[in-house]
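Let's take a walk through a protein model together, one piece at a time. Keep the picture open while you read.

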Amino acid sequence: MSQPTTVKVLIFHAEKCTGCLDCEKACSQVHFKSKKGGELSAIRILKHNKDFAMHVCDQRGLCLDMCPVGALTRRKNGVVWLDKETCIGCQACVGFCPIGAMRKTDVRIEPFKCISCGSCVRACPTKALELVERNIEDIKQVVYHKQGA
Amino acid sequence: MMEGQIPVEEYSTGNTPHQWDVQRLKAAHKKLASYSYTKGSVERGYANRTLYVNVGTKEISEKPVSDQMKKLFTGGRGFGLKLIWESIQPTTRWDSEENELLITTGPLCGTTQYAGSGKSLCLSVSPSTNIICDCNVGGFFGPYLKFAGFDALEIQGKASEDVIVVIDGEKGTVTIETAPLEETDTHLLSEQLTEMYATEHTDKARQKVSVVSSGTAAEHSFWGCLNFSFYDIRRKVPRIKQAGRGGLGTVLRDKKIKALVVKVERFDGVSNHPADPVTLAKVGTKLHREIRDLDRYQCNMRTVGTGHLVEIMDAYDLLPTENYRFGSFPKASKIFSPHFYELFTKIIPDGCWHGCTMACAKTVDGYTVMTGPYKGEKVTVDGPEYETIGACANMSIWDPLWVLEFNFYCDTYGIDTISAGTATAFYMEMYEYGILNKERCNGLELCFGNADAALELLHRMAQGDHAEFIKVAGKGVRRVKDWIIKNQWGDPQLVNDAGMESKGLEFSEYVTKESLAMQGGYGLTLKGPQHDEAWLIFMDMVNNAIPTFEMKAEALHYFPMWRTWFGLNGLCKLPWNDIEPANNAETAEPSKVPEHVENYVAYQNAMTGWSVTKEDLILQSERCYNWQRAMNVWLGRGQRKDDWIPFRAMGPVTEMEYVSRKERYDTQLVDKLGLSKGEVETMTTKEKLTRLYAYRRNQYEKLADAVYYRRGWTPNGIPTPQKMKQLGFTEIKMLQMLQEKIDNDEQQGLNTWGGVYEKGEHPPTVKKRYWEQWK
C-alpha cells in the first residue's frame, strides 16, 4: 500500500482573528452535531492578553504508535484518524500527545481530534484559518523510545 | 522498526511462519459438555456471577456473587480464596481430584484508562508447597472472562483425555472439548487456538481471543506455569505473560487441560460500566502523562521493562549470582539492560493489557532458537524480565542470547523461569562441591555458567525423561535437598542452608543477606519466597529507615497488605511505584507514594460507586490476607516452622562468601555483636561464621515475633479468631478450626515467642494469650 507523503494542516493568521469562535462551533457540529464549540471542538481559539492563539492537532502522528488496537491510522490523505468504533477508550493517545491536541470530553469515552476537514476554515468570516499542505516527513514525530533521559 | 509510524498491517517480525490446518484440528474435537448462558452486562466492575467447570464430571454451572461476598472478599484473589475454601478439604493436595484452579478478575480489571488494569489472579493448591499459591498475571484472559460474563472461573476435577475449555462470549456458551491433535507447547498451541476461535481471519478478530496454556515440561515438573495470551496486532503473534510461581501449570496439565480459551464479542472503554467514568478517565490520563514525562528519568520501563533493575541490583550487591553466594559479579555488565535494549523491538505499545502505557512487556522478535526441538526456528521471545535475567545471573549465564534461549524454552514448555533458574543454580553449586556430579546428574555437567546443560535439563524434562535426577530436579530445591540428604552425599546443614527455597517454593531473584526486613518479606509470607508481598531492601538496608523491630513489623504489615490489594482488584503493582510523581520525595511517606494511593482510592470509588478511604483499602486486603493464612493453617501449614528460610537468605553460608565480603562481616561482629576488634582478628573464619549464624537466626526469630504480633496472630503465627472477628468474619467452621489449632499449640508449648531476648530487650508483649483480650 502506498503511503501518503503529504497532509493538510491548519495554520492560523492571528492578526485576522476576531475571537468570534465560529470555527469551534463548526467543529463541534462535525464531531458532535452540536453548535456549542468549546469542549466539543477539536480546534480551540485561546485568548492571550489581547491576542488569539490556535490550539489544534498538527498531524505529527506521535499517537499512531500508542494505540493498542489500531484505531489510529494515517489515512490516504495523510490525516491522523481515530476510528471510534475500534477505539477502546484507553486515553493513551490523550495522555501522550505532547501538545494536548487529542481531546476527551465528558460525553463519551473515545477521544476526538482535528481531521483537517476544513469546516472551521469555511466558517471563519475573516479568513484567519487556512489549510496548507505539509510533507509528513517534515512534521512527523515519533514517541519517545530511547533508553535513558 | 526504529523509524516509527509503520502502518499496523505492514510490520513484520521476521518469525518463521506456521501454516495450521485448523479445520482438521477442530474436526478431531469431540464435545464432552456444552452449556448456554444468558449474556449479561458488567455493572460497576462486577459481572455478578462466577463460572464453575468440572472437567471430570463435566458439570458446568454458574454461581451468583452476593453483596456480602464483595464486602468480605472484594474480588480477584479474594473471590478465589472464598471459592476454593468452599470446594476443597484440608487433606486436598495439588493432584487431588477436588483441587481447583481458579482464574479471577476483580472489579477494576478490564479498565483501559488506568495503566496496569488487566490482571488475572490465579489460585490453586500448589505441588511445591501444598498450600494455596496465588499468581498475578497479565494477558487478555481475565478482562475477556469478565466481559464474557464472569468474575471468576473455577475449574475442578480431572479429565481422562486432553481437553480444552472454551468460553465463547459471543455465543454465550461454555464447552469442554477434547483436543487430541493440537500442540502442547505454548508458542504453537496459542497460535493454533487463536486462529481456530477467532470469528474472522483478521487480526482484530484474533485480538478478541485469549488462551491459557502451559507446555510439555509442566507435565513432568512442579514448575509448570500458566501462559496467558494477548494477541499483538502489529507482531501478529499471540504474545504471552506467565502466572509463574508454584506450579499452577502443573495442576492444569494434571487435570489434562491443554488450554482454556475465552472469546469476547466486543468491548469498549466503559464495558465495566463504572459509576463515574469521567473521574476514572481523568485519573487514568493523569497517570499516562506522568509516565510520558517521567519514565525516562526514572525506571525506563517503556524502553527496557523490568530489565533496568539488573544494573541497579548489581551495584547494590543484590543481584543473585552463583546461587545467591554473591550479589554482584564482574561479568554482570554483559547482561545490563542496554544489551537487551539493542535486541528489543521498539515503538510498539507493549502493554499486556490495553492502555497500559508503562508498557514493560518487551519482546525480541525473529530470535533464532539455538537448541532443542525448535532449533533454527525464528520466534518472538516475550521478555526477558528482570526475574529471568536474574535467574540466569544465578546460574552464572552472562550471554543475552542464552538468556533469551532459556526464556523462550521455559515459556513454551510451560516452566517458571524463577523456580527453574533458582533450582538449577542450587544444583550447580552442589555440582561444584562434588555433592552432585555428572553421573548423579544423569550425564548433565551442571557447572556454573553451563547454559547448554541448563537447557538440556529443560529439554529432557519436556521429553519426560525418566532418569532419576531429571525427575527429582524438576520437583525443585526442596525435593532435591531431601534426595541428596537421603543419599548421604553432602553435609545436611550445608545442603539445607544453600538451597534457596522456603515452604517448598524457590526464592525469586534478590539477595537478602543484608536486609532483615526483606528476609521477612520472603519468609513471613503466604505462598512462599516471592517479592510480591514486600520489597523493603532499599528502605531497610540502603536508607536505614526502619531500624527497630517494631518499624520493620509495621512495614511488614502495611506493604504486604497494600500489595495484596492489587490482586483483589485485578491490577498490576508496577504503576504504583515504578513511576512516581515528580514531587514524591517531598511527601511525608515517599515509600507509600501517597498521590498514587489517592489515585487508587478515587479509582475504586469511581468504578464501584463506594466511598472508601485509603484505610479501607488496607482493610479489604487484611481480610483476604488473614483468610489465606488461615487456609494455610487449615491445610496443615501456615505456622512459624513453615516461615523458616535457609541461611543463604540471611548471611554467608560458606567461608568463601564470608571472605568475599570480609570487611563488612568483620565490622558487624564488632558493631552488632559487640565483639572487640582484637577478638575478631584472632578468630578463624569458621568461628566468625558460627557467631554470625546464631546472631542472624535469632534476629529473624525476633522479627517474626514482632510481625506476628502486629498482624494479630499468635506467637506460632496463627491468625486468631479474635482478629478474624474484628475483620468481619463470622464463619464458625473457620473460627473453630483456628481456635482448635491455637489450643493444640498451647498444649505443645508453641504459643511462646521464638526469639531469645537479652537483658534490656523484650518481646512484643509479655502477656500470655494476649489475643484473648481483643474485642
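What covers the buried residues of helix 17 of chain B? Before we get to that, a word on the ground rules. This is a predicted model, in which local features need pLDDT of at least 70, side-chain atom pairs count only at pLDDT 80 or more, and totals for chains, interfaces and linings use all residues. Residues are numbered from 1 along each chain as its sequence is written, while chains are lettered from A and ligands numbered from 1 in the order in which they are written.

Now for the helix. Helices (H or I, at least four residues) and strands (E, at least two) are DSSP runs, numbered from the N terminus. A residue is called buried if 20 or more other C-beta atoms lie within 10 Å of its own, exposed if 12 or fewer, and partly exposed in between, with C-beta atoms placed from the backbone. In helix 17 (residues 477-486) of chain B, the buried residues are V477(B), R478(B), V480(B), K481(B) and I484(B). Looking down the axis of helix 17 of chain B, you'd see these buried residues fall within an arc of 165 degrees, so they line one face of the helix; the arc is that of the directions from the helix axis to the C-beta atoms. The cover over them includes helix 14 (417-432), helix 16 (468-473), helix 18 (492-498), strand 16 (501-502) and strand 17 (505-506) of chain B. Contact here has a set meaning: the C-beta atoms of two residues, placed from the backbone, lie within 7 Å. After helix 17 of chain B comes Q488(B), with a positive phi near 55 degrees.

Next, find G390(B), which sits in helix 12 (residues 386-394) of chain B. G390(B) counts as buried because it has 28 C-beta neighbours inside 10 Å. Apart from neighbours within four places in sequence, G390(B) touches L319(B), P320(B) and E509(B). G390(B) and E509(B) are 119 residues apart along the chain, yet 5.5 Å separates their C-alpha atoms.

On to the strands. Strands of a sheet pair through backbone hydrogen bonds, either parallel or antiparallel. For two strands to count as paired, DSSP must find at least two bridges between them. Chain B has an open sheet of seven strands in the order 1-9-8-13-10-11-12, with mixed pairing. Strand 1 (31-36) and strand 12 (237-243) of chain B stand at the edges with a single partner strand each, so one side of each has no neighbour in the sheet. Strand 1 of chain B pairs with strand 9 (residues 173-178) of chain B in the antiparallel sense, over five bridges. Within strand 9 of chain B, T175(B) is the residue opposite S34(B).

Elsewhere, strand 14 (residues 363-368) of chain B and strand 15 of chain B form an antiparallel pair with four bridges, where V364(B) stands opposite V381(B). Strand 15 (residues 378-382) of chain B is mostly covered, with four of its five residues buried.

Finally, step back. Chain B has 30 helices and 17 strands, and 59% of its 775 residues count as buried. Its C-alpha atoms fill a box of roughly 80 × 60 × 55 Å, taken along the principal axes. Where chains A and B meet, the contact takes 30 residues from chain A and 35 residues from chain B. Helix 2 (residues 92-96) of chain A gives the most to chain A's side, with four residues.
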